[in-house]
Amino acid sequence: MEWIRESVDSIKSIQLRQTLSQAVNLGLILTSALIIWKGLICITGSESPVVVVLSESMEPGFQRGDILFLHMGKDPLRAGEIIVFNVDGRDIPIVHRVIKVHERQDTGEVYILTKGDNNPEDDRVLYAQGQRWLQRHHVMGRAVGFLPYVGWMTIIMTGNPIIKYIIIGALLVITSKD
C-alpha cells in the first residue's frame, strides 16, 4: 500500500510542477510583451506606437482593420500628414489627416485642424465642446506605416467580448499541451 501512496504523491508533484511551469511561462510571455511595448514607446516617442483603424472615415487610404505604426518626433506637423489624436472627453483615439496648421508667432503654439478623407466636413464636430483646433498635446503620433486588415482581430474581440474569452481559453488549452 505504501507504493500506491508514493505513486499518488509523485503524480501530484508532477502536476504541481507542470502548473507552476505554465504559470512561469505565462508570466514570461506577459513580461516580454510589456517590455516590447515599453521599448516601442521609447523608440517611437508615441504613447501608443500601434493603433487599429476602427472606422471607414479614412477610406480609401486606410481601411477599417488596418494597423498603423506611429512615430512622434519633434518635427513640425504639416498639412497632409495622417495623425492619431485624442480629444478631451473621448476614450478612443481618432485617425485623420491634418488639413490646416496655424502657428502663433508670439507664443509658438501650434493649432491643428483635421478631417477624415471620407468625411464631407472637418473634424470640429468631433472636438470637445467649444474647441475649434487641436493642439500638439492632443496628437499621439504620425502614421509612418501600416499593415492592411491585420487589426480585424482586435475589432472583433472588442465588439464581441465572448470571442475574446474563447480565444484566450483556446490559447490556454494549446499551451497546456506542451
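Isoleucine 162 has a relative accessibility of 57% and is therefore classed as exposed (exposed is over 50% relative accessible area, buried under 20%, partly exposed in between, with a 1.4 Å probe and protein chains only). The model is predicted: local features need pLDDT of at least 70, side-chain atom pairs count only at pLDDT 80 or more, and totals for chains, interfaces and linings use all residues. Residues are numbered from 1 along each chain as its sequence is written, and side-chain values use heavy atoms, with hydrogens and water left out.

Isoleucine 162 belongs to helix α3, residues 161-176 (helices are DSSP runs of H or I of at least four residues, strands runs of E of at least two, numbered from the N terminus). A nonpolar surface patch is formed by Ile162, Tyr165, Ile166, Ile168 and Leu172, with about 540 Å² of accessible area together.

Serine 46 is located in the loop between α1 (2-44) and β1 (50-52). Its relative accessible area is 1%, so serine 46 is buried. The side chain of serine 46 has a polar atom 2.7 Å from the backbone oxygen of methionine 140. A polar atom of this side chain also lies 3.2 Å from the backbone oxygen of serine 48. Leaving aside residues up to four places away in sequence, serine 46 touches Ile41, Leu70, Met72, Met140 and Gly141 (contact means heavy atoms within 4.5 Å).

The protein chain is assigned domain 1 (1-43) and domain 2 (50-153), with bounds from an automatic or database domain assignment. The centres of domain 1 and domain 2, taken over C-alpha atoms, are 42 Å apart.

Terms used. A polar contact is a pair of N or O atoms within 3.5 Å; within protein, one must be able to donate a hydrogen and the other to accept it, and residues adjacent in sequence count only if both atoms are side-chain atoms. Patches are made of residues with over 30% relative accessible area and no salt bridge: like charges are joined within 9 Å, nonpolar side chains (Val, Leu, Ile, Met, Phe, Trp, Tyr) within 5 Å. Accessible areas come from the Shrake-Rupley method with a 1.4 Å probe; for residues, only the protein chains shown count as cover. A salt bridge is a side-chain nitrogen of Lys or Arg within 4 Å of a carboxyl oxygen of Asp or Glu.
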